[in-house]
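The model is displayed below, and the entries follow.

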Amino acid sequence: TNRGTGSDGFLVSTSRDNTAKVWMPANGQVSHTLANHTDWVNAAVVLPNSTIVTGSKDGKWHATAIKSI
């Protein structure tokens, strides 16, 4: 699992289950599951504008604005 932090105080983890999860450390809960990929999600970066970019073994990148999820 890879982890990244967002400026809004959230964490992002990636997984072999083809998802990335957005966690809220204040309560330890998953707030969103990003299921845009068809293979292992092995990269994630949180941009300064709180956009999450994920990469996968499926060869694709997806960008998700945290405000839209």
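I took strands as DSSP runs (E, at least two residues; helices are H or I runs of at least four), numbered from the N terminus. Two strands count as paired if DSSP finds at least two bridges between them. The model is a predicted one, in which local features need pLDDT of at least 70 and side-chain atom pairs count only at pLDDT 80 or more, while totals for chains, interfaces and linings use all residues. Residues are numbered from 1 along each chain as its sequence is written, and side-chain values use heavy atoms, with hydrogens and water left out.

I then checked the pairing itself. Strand 3 and strand 4 (residues 29-34) are antiparallel and share 5 bridges. A20 faces L34 of strand 4.

Strand 2 (residues 11-14) and strand 3 (residues 20-24) are joined by 4 bridges in the antiparallel sense. Their hairpin has 5 residues between the strands, and N18 in this hairpin takes a positive phi near 75°.

Next I looked up S13, which lies in strand 2. Is S13 buried or exposed? S13 counts as buried because its relative accessibility is 10%; the classes are buried under 20% relative accessible area, exposed over 50% and partly exposed in between (1.4 Å probe, protein chains only). The S13 side chain makes a polar contact of 2.9 Å with the side chain of W23. A polar contact is a pair of N or O atoms within 3.5 Å; within protein, one must be able to donate a hydrogen and the other to accept it, and residues adjacent in sequence count only if both atoms are side-chain atoms.

I turned to the open sheet of 3 strands, whose order is 5-6-7 with antiparallel pairing. Strand 5 (41-46) and strand 7 (61-65) are at the edges with a single partner strand each, so one side of each has no neighbour in the sheet. From one strand to the next, the twist averages 20°; axes are lines fitted to C-alpha atoms (for helices over the stretch in contact), and angles run from 0 to 180 degrees between N-to-C directions.

Strand 5 and strand 6 (residues 51-56) run antiparallel and are joined by 5 bridges. V41 is placed opposite S56 of strand 6.

My last entry concerns N49, in the loop between strand 5 and strand 6. Its side chain and that of T51 make a polar contact of 2.9 Å. The C-alpha atoms of N49 and I66 are 8.7 Å apart, with the two residues 17 residues apart along the chain.
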